Amino acid sequence: MDITSLPILSLITFVPLAGAILIAFIPRSNPGLVRATALGASLLSFGLSLLLLVGFLPSHPNFQFVERIDWIPVFGIQYKLGVDGLSLVLVVLTTTLTWISILASFGPIKERVKEYMIAFLILEVGMIGVFVALDLFLFYIFFEVVLVPMYLIIGIWGGANRIYATIKFVLYTLVGSLLMLVGILATAFAFQAAHGGSWAGAFDYEMLRQFSFDGTLQVFAFLAFFLAFAIKIPMFPFHTWLPDAHVEAPTAGSVILAGVLLKLGGYGFIRFAVPLFPDAAHTFAPAIILLSLIAIIYGAIVALVQPDLKKLVAYSSVSHMGFVTLGIFVFQEQGLQGAILQMVNHGLITGALFLLVGVIYERTHDRTIAKMGGLSSQTPVYAAAFGFFLFASAGLPGLSGFAGEFLVFTGSFAYSPAVAAVATFVMIFAAGYLLWMFQRMFFGEMSEFFKGHLSHLVDLRPVEALTLVPLGVLVVVFGLFPGLILTLIQGTVTDVLHGAAQASAINLAFWQ
Amino acid sequence: MSWADFSTASPLVAAILVACAILLGDLVRPGSRPVALVASLAGLAVVAAVTLWAGQTTADAFGGTYRQDALTTFLDLLFVAIVALTILFAPDYLESRDLPLAEFAAVLVFAMAGAMLIAAASDLLVLFLGLELMVLPGYMLAGFAKRDALSTEGAIKYFLLGSFSSAILLFGLVLTWGLSGSTRVDDIARHLADIASGGAPLSAGLAMGLAFMTTGVAFKIAAVPFHYWTPDAYQGSPTPVTGYLSVLPKVGAFALIIRLFIGALDPLKADWLPVIEILAVLTMTLGNLVALTQSNVKRMLAYSSIAHTGYILMGLAAYAAGRIEGLEGILFYSVAYTFMNLGAFAVIAALQRRPGVTSHLDTFAGLGRREPLLGALMTLFLLSLTGIPPFAGLFAKAYVILGAVQAGGTMTIIAVIAVINAAMAAFYYLRVVVYMYMREPATEGPAPRHGSLVWVGLWTASVLTILIGLFPGPLLDAVNHAARALP
Amino acid sequence: MIGTLDHTTVTIIALLVFAGAVGKSAQFPLHVWLPDAMEGPTPVSALIHAATMVNAGVYLIARTNPIFAHAPEAMVFVAAIGIFTAILAASIAFTQTDIKRVLAYSTLSQLGYMFAALGVGAWTAAIFHLMTHGFFKGLLFLDSGSVIHAVDGEQDMRRMGGLKNKIPITYATMFIGSVAISGIPPLAGFFSKDEILGEAFKNGFVLVWAIGLLVAGMTAFYMFRLMGLTFWGKSRVDPEVEPHIHESPPSMTIPLILLAIPTLFIGLVLGWPLGGGLLKTWLEPVFQDAVELAARPETAFTFMGIDGALVIASVAVAAIGIVFAWALFGVEFLGIRRAGNPDRVRALAARVPFLYRASLNKWWFDELYDLLFIRIGGRVAASMWWFDRAIVDGTVNGIGALTADAGRGLRRVQTGRVQNYALGIAIGLIVMAGGYLVIAGR
């Protein structure tokens, strides 16, 4: 079976949708079947994405597995899918985290399981679609599709303050992405105008790449795209939706939110904002680097004083994603490599951390760290797992977090040693908030609160362990062999930097 | 007056005949709902067929006062669809409140005829005639629930203010006629072209004429600051009527704008551009801002309609700035908006048949669970109204934004304002979803069975909303074709 | 290749690498963690805090000696930090009452010696001391564990005493360890410590040598203070525990004996003859370039000259320290029997109240760091969080509130009265007319 002859990308993208439709017909009285179908659909998607891995040729310069159908010829909008190293890696990350999240939802989600699984599967469609779309309009559509399922997941199955959190999430993201729509349309129009009024290829990513846009448009469009992605990542100061969304979302929702949804922003920068508007990217790079540094340090410091376990991990996400944007905008090879690695690692590690937080929340329905203590004697396996992912998050060498961070440091050092110094400094804070959290949770005397819940505090159940083990294995494997990912993404890295290298900053003085 | 005239105007004629047929049917079998339904739906099918047949040629009729072109056909079909859907949605609601169906349908079809006349008008008087024919039934329909004080109040306000604005519009038309010497749209355009090319200055009289005409149409489309009638009229009317009011008179009024402004006043578009820009911004912003505060679903959707008018006006402004995509945007948006809005109101009407559910948002709590299918459809329409893909609403918004972006300059800023508004709007649209799905149910009790007609209508509206979003190609072609019908 | 970099860069690199070593090997100012880490189980302390993990910093500097060789200023800094740590820690060890704490500060102090050695260019000496220290400190820690085990978990030396005959193996091995660390020949500590001090003096770091000499005496003093309090004199053990005092089982005593052997002999094996020896030959290639770069005159070891004088000085100082300790805390050795004299200790302490209190409070570093990092740092973090909630998020929520307020305000235009509406339309018309007239005028 020749993989390239199958429309494999469409399959991977829409298998979850098929699953969702199937589930719609399953009677509400059979949640077991619903769960099984959902898991099956996500596993199928996962399996197909592994096929992609097998069939992918890292040395091939362009996009692979390309599918193209003329969708709206009037405007040159196509249904065009394709992957390169970057998208491939992120697609596999998505499919992996999705089935893990669905599995992790089996226990906690007991009400309206059907709607939940449908929402989750549609979410998967959107996420994968974003990573494989090569048409700007199609990309936008998938980018937005992600919003509604997440809105429902947080809003229906979330915590006490979920309505506020989910509305904030939706409105914030929507402002950014709608502005991006304006940017997309402006870009397409500029292309069309320069090609004698013909819309052919106006939304086609590969064709737009080759076109050089004039300064004003670049600035405007880049800012529009920047806002959308900066809110998504989230960058300082557009990050305040994240702590609320994470805290209120159900565990699996947080996992997928941190694990994949945040990466949509990073991907957007690498795939669209920088290559399409390189001059504008250079112009705004210093400001973005500054914002990244602030995010890195600020996120870590604020994480130190969080009383809620989930909020702590949420702020640590802000800090970690700061590395991603830093790595991208220093325009150095190691920086970009590190940024992409960091995206993958953060997905795995923080995803696992949220799963772990979910474990304790399931048992006691409380995430207040002050109430915790002395858990390691009661649940040693859980403590070990938590500790493992904690160290991964802190960037312990040998585990995957280190490679990403280290590459970003190296890359930013080449840009400016001072920047690298500031960024490196944060590792102290990271160790601080992580280890302190661990200590307060697991060491010392068992807290009164835990003593009161002793019967609930069982160690990791098999299903929970099953969700964590794959992540742990990947963390170790990528920690020891980051080259596995680096070979895949090398093509993208070279390509993006090549384009960026030929750009120069725009003189913004003409604005005045 | 010749046979050819009537042949050209056959859709209009057919519409009037159908209306009469409905009335006749009711005369023969008083109060018989099936008869009224068959008469109206079958009749509308006939009208649609006739429209398509007549649409094969472009022709003028009645001495040049009536024009049949691609635009006419496009708009006519749209009007037929609106009325058909409204008639599908009405019976359940009317029946439960013991209101007659035949009169309802007949009045609707007359209004449709008026709209069709507007769509085909190439003369100021005919334009005005069509306008009045369209809106007078509307006043009646708004007060259709005779015993309901709120309905009567809304109707009276609508009537009073509507008449006021019609008079204003008429005065503007008169001024234009007086200063250009003709009531024919083409002649006016030619006369104004001279002025525009610098031959003669834009006189104060003409400026006043523009002002009056703009005010008049602005009222009809419920643009800010002439929108005051909308919330009261929409809230008071029976829900299916609200749905109808939010669509037909509005699209009809836009048809009026197209024929009048883009037809006759086209040479002066550089002059009415800034005014339209301001109207667009005011309309979309105020509509959205006040909608945020509404706890009555019908009133909220009334303000939402105002906001959508603002977006469509942006398309008009884009046209005035020189892009035909603006006009295309107006047409596309009208279609998408029709189905979304009608669908939303239809769902509300159906939900209101549940005891305890009024148009107050609180009573919608938990309805997502109690009426899963209706809840899902409502969510679909709300999402489409917000502009979330892959539904029709997104494409509609994208279209008008594209027009604005292409126009450039101030229009780009307006485009940005529009998207910020759209984001803001998400709050109140999603709030309904919040109540339906994320709150505990307020009403218990058995679910009423909804008539199959309502379901047919709802499925049609939703499927179209999805199809237009996923495969806008055919509609785009139609819109393209229609937009280029104007000289 | 390092030589091609400019001097400032190399110095900065060296200093930053040293910073890593400072943290790992608990030098000032990052020394506070090590004594607190003694809370862990004693074998853990023995292994990582005494013998292996903390050596990583020393090893790092030794391994990167080419970098340091090119940055003499950095080396001076290393020596300064090292010797300062040595005396700082030794001064604290004077007053500690927890047996493990004494050893902890002793570790800090000895590590300081090693860094001082590295800093003055005595590369091999540093490594030598690292090895000998590993043995005798490990021994001492395991010994302390054995003592604690014997007195049923008591770690406070004030409640020990007179244990000499009750736990003889522990006593003997601990005595050997104490002698070794005090630098009395021919045990291990003498060779390595003496080499450090000798090289310091000969390489021109006289201040380092002088302080190092003083610290040697201090080391001897506090170690034999420990011996006196723990093993000699009358028993101050808790009466309930007293009857149960027993020697540790072989699983604990055999390691003690095993470690005592190298403590006795490894100095001789690796360091004899003085100024040369097995270790020096072995490590010569490693440090060759650094030594060459330092370009100091190479002189042979002359016992009858400066080298001998230095050896005698260091041994003498150690001896003085031991005798001083005996005078204050008692001794039972080789027939000399003397009781401890707590009054004299108190009187002495009263004579130097500031020094005593400073020593007792570990020079208040813990309090300083607590203030700086926990309190002030905590406040900074808390205020940043406040900033995030109130200002950043406040802006977001504020925009929302503003929008809602705008909506509410605008809502009031809708009065419900048709007269108002008509008026509104009329006003709108007038404004519109005005607008068009303006446009027409242009």
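## Interfaces of chain B and a patch on chain C

Across the interface of chain B and chain C in this predicted model, the rule finds 5 residue pairs in polar contact, both residues at pLDDT 80 or more. Several helices of chain B each supply at least two residues of the side that touches chain C: helix 7 (149-180), helix 9 (204-221), helix 10 (229-236), helix 12 (269-292) and helix 13 (297-320). By class, that side of chain B has 26 nonpolar, 5 polar and 5 charged residues. The count of salt bridges between chain B and chain C is 0.

Chain B also touches chain A, with 3 residue pairs in polar contact (both at pLDDT 80 or more) and 0 salt bridges. On the chain B side, at least two residues each come from helix 16 (372-386), helix 17 (392-407), helix 18 (410-438), helix 19 (452-470) and helix 20 (473-483). Helix 18 gives the largest share, 14 residues. This side has 28 nonpolar, 5 polar and 3 charged residues.

| Interface | Residues in contact | Buried area | On carbon and sulfur atoms |
|---|---|---|---|
| Chain B and chain C | 36 of chain B, 24 of chain C | about 2600 Å² | 79% |
| Chain B and chain A | 36 of chain B, 34 of chain A | about 3100 Å² | 83% |

In chain B, the residues that lose the most area to chain A are B:Pro389, B:Leu402 and B:Met438, together 18% of what that side buries.

Chain C carries a nonpolar surface patch of about 930 Å², whose residues include C:Ile169, C:Phe265, C:Val269 and C:Trp272. Helix 12 (residues 250-271) of chain C contributes the largest share of the patch, 7 residues, and C:Val269 is found in helix 12 of chain C.

Note on methods
Residues are numbered from 1 along each chain as its sequence is written. Chains are lettered from A and ligands numbered from 1 in the order in which they are written. This is a predicted model: local features need pLDDT of at least 70, side-chain atom pairs count only at pLDDT 80 or more; totals for chains, interfaces and linings use all residues. Side-chain values use heavy atoms; hydrogens and water are left out. Patches are made of residues with over 30% relative accessible area and no salt bridge: like charges are joined within 9 Å, nonpolar side chains (Val, Leu, Ile, Met, Phe, Trp, Tyr) within 5 Å. Accessible areas come from the Shrake-Rupley method with a 1.4 Å probe; for residues, only the protein chains shown count as cover. A salt bridge is a side-chain nitrogen of Lys or Arg within 4 Å of a carboxyl oxygen of Asp or Glu. Helices (H or I, at least four residues) and strands (E, at least two) are DSSP runs, numbered from the N terminus. Contact means heavy atoms within 4.5 Å. Buried area is the accessible area (1.4 Å probe) that two parts lose on being put together, summed over both. A polar contact is a pair of N or O atoms within 3.5 Å; within protein, one must be able to donate a hydrogen and the other to accept it, and residues adjacent in sequence count only if both atoms are side-chain atoms. Ala, Val, Leu, Ile, Met, Phe, Trp, Tyr, Cys and Pro count as nonpolar, Asp, Glu, Lys and Arg as charged, and the others, Gly among them, as polar.
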